[in-house]
Amino acid sequence: MIAGARHAGVSDAGLVRWRTLEWWGAGLALFLFSGGVLALVMSGGSLDDSAKSKLRLLALPAYLITLVLLYRCPQQLLIAVRRNLPLTLLLLLPFISILWSISGSITFRRAIGLLLSMALSYLLAIRFSPGQIAALVAAALVPCMFLSLAFAVALPHLGWMPADAVASGMRGVFIHKNILGWSAGLCILALIGVMDGGYLPRPVALLFIAVAAVCLIASSSMTSLLATVAAVALIPFYAALRRNAGIGRTLLVLLFFQAMAIIGVYLAEFLVPTLEALGKDATLTGRVPLWRLVDAEIGRRLFLGFGYQAFWTEANPEAWYIWGRVGWMAPNAHSGFRDVLLNFGLIGLVVLFVVIVRAVRQGAALYYLAPKEGWLWLNLVIAWFVVTNLAESVMLVQNDFMFIIVATAILSFGLRTPGGRTPSGIVPRPR
């Protein structure tokens, strides 16, 4: 009996040590994928081919850490795959698209990168609760926010976009101002989750939110600002959703979708005239003429697209045609939904629509049933993701911090949606 007790003690101690490794490993992998500090220093602030090759090296230790930690939970990984079949299909589409890709080798290579980076999303969803995920994201991004302000003041040649760059604004410890904007927006949402879960004293969390907000505004990334404001503005909606039931909740949802439809019609019909009246750039920094040309190319391969990330390559003459017409080498369509159409056509867009609608429904249900378990911030992440991809492209991108967190939210919803007990080896919802 004594020997058995000692063995149990050793086992428990081993579990504690492994859990500590999971926390530190997941946090380090998130930091590496965030692209903060290391990417800027390694690239010297430029994005030429040599710099891109160096940046790809940052993903290798993150892959290794994630795969080692996932090695201990293969059954839970299979459960996560089975409970999120629409997302699984979406992640398989890059490999399937090799069959029709205009550059099969590029599609295959980048599909492998996407699959490896998504391993971290599965690890986070399986082994961490919503509040714990928020704590990990905040731990990875809050230091980057403080360092970004420090770089902007002490090292302005690194902390701000170069004078000859098309876009101006603070980039902090990231290689581009938009990445700082995206990171600051996600940092604010994660801190809402941290504050909601009681992981930080409220005054400290509010201070961190203020610092992230300063970085968000200083980045001059209007898409990130609008997406963050839109996500935060949904907090009263989710609060009202939780307080209402039956017909009241149904009416609330209908009113919400009507409001979204009205906003969508306004943006489609009156955004450009409004910008012109205010003296703003009605082309949305060159996006409008880019979108017109991209839409024409989407129509050429409407059902299957050009293959995963095969369009925006120097070997594609259609990309050179667009670059010549707009006068700059756009790295993507600056619209995640358009890039999905370029990659997979209408098939990909339908699968994506199913994934998003399913995530919205599951996330809202989880927050309604368990409002104190940290689900609010993950619901806000989905809203942030949808709005961001109206004018930026952070959808199905390999080694991308933003998509890793969004995929984590979707997987977490699927894993813990009511309908069965929490599988063994998956961190249960906090009680």
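1. Overall make-up. The model under discussion is a predicted one. Its chain has 431 residues, of which 52% are buried. The secondary structure consists of 19 helices and zero strands. Among contacts with a separation of 6 or more, 75% are between residues 24 or more positions apart.

2. The main core. The largest nonpolar core contains 116 residues, and L30, M145 and W377 have the most contacts inside it. Helix 8, which covers residues 130-154, gives the most to this core, namely 13 residues. A second, separate core has 15 residues, including L290, V294, I298 and A330. As general background, nonpolar side chains in soluble globular proteins tend to be buried together.

3. Surroundings of L30. Which residues does L30 touch, not counting those up to four places away in sequence? The list comprises L120, L124, L136, V137, A140, F401, I404 and I405. Of these, V137 in helix 8 also meets helix 19, in a group with I133 and L141.

4. Helix 8 against helix 19. Two packed helices are described by the angle between their axes and the distance between the axes. Here, the axes of helix 8 and helix 19 (residues 401-416) come within 12 Å and cross at roughly 170°. Angles over 145 degrees count as roughly antiparallel, and the two helices are therefore roughly antiparallel to each other.

5. Cysteines. How many disulfides does the model have? The count comes to zero. For C144, the closest cysteine sulfur is that of C187, at 8.6 Å, which is too far for a bond because a disulfide needs the two sulfur atoms within 2.5 Å. C144 is buried, at a relative accessible area of 1%. C73 is buried as well, at 5%.

6. N379, a polar residue in a buried position. N379 belongs to helix 18, residues 375-388. Its relative accessibility is 3%, so N379 counts as buried. The side chains of N379 and Y238 are joined by a polar contact of 3.5 Å. Neighbours within four places in sequence aside, N379 is in contact with Y238, V360, G363, A364, Y367 and F413.

7. E318 and its partners. E318 is part of helix 16, residues 317-326. A polar contact of 3.5 Å links the side chain of E318 to that of R300. Apart from neighbours within four places in sequence, E318 is in contact with E297, R300 and F311. E297 and E318 are 21 residues apart along the chain, and their C-alpha atoms are separated by 7.8 Å.

8. Two residues with positive phi. Most residues other than glycine have a negative phi. Q309 is not a glycine, yet its phi is positive, at about 55°. Q309 sits in the loop between helix 15 (287-300) and helix 16. N399, likewise a residue other than glycine, has a positive phi near 60°. The loop that holds N399 runs between helix 18 and helix 19. Are these two residues buried or exposed, or in between? Q309 counts as buried, at 17% relative accessibility, whereas N399 is partly exposed, at 23%. The cut-off for buried is under 20% relative accessible area, which is why the two fall into separate classes.

9. S219 in a loop. S219 is located between helix 11 (202-218) and helix 12 (222-233), in the loop. With 0% relative accessibility, S219 counts as buried. A polar atom of the S219 side chain is 2.7 Å from the backbone oxygen of L216. Which residues surround S219, if neighbours within four places in sequence are left aside? S219 is in contact with S168, G169, M170, K177, L180 and G181.

Definitions and conventions
Residues are numbered from 1 along each chain as its sequence is written. This is a predicted model: local features need pLDDT of at least 70, side-chain atom pairs count only at pLDDT 80 or more; totals for chains, interfaces and linings use all residues. Side-chain values use heavy atoms; hydrogens and water are left out. Buried means under 20% relative accessible area, exposed over 50%, partly exposed in between (1.4 Å probe, protein chains only). A nonpolar core is a set of buried Ala, Val, Leu, Ile, Met, Phe, Trp, Tyr and Cys residues joined through side-chain atoms within 4.5 Å. Helices (H or I, at least four residues) and strands (E, at least two) are DSSP runs, numbered from the N terminus. Contact means heavy atoms within 4.5 Å. A polar contact is a pair of N or O atoms within 3.5 Å; within protein, one must be able to donate a hydrogen and the other to accept it, and residues adjacent in sequence count only if both atoms are side-chain atoms. Axes are lines fitted to C-alpha atoms, for helices over the stretch in contact, and angles run from 0 to 180 degrees between N-to-C directions. Angles under 35 degrees count as roughly parallel, over 145 as roughly antiparallel, 65 to 115 as roughly perpendicular and the rest as oblique.
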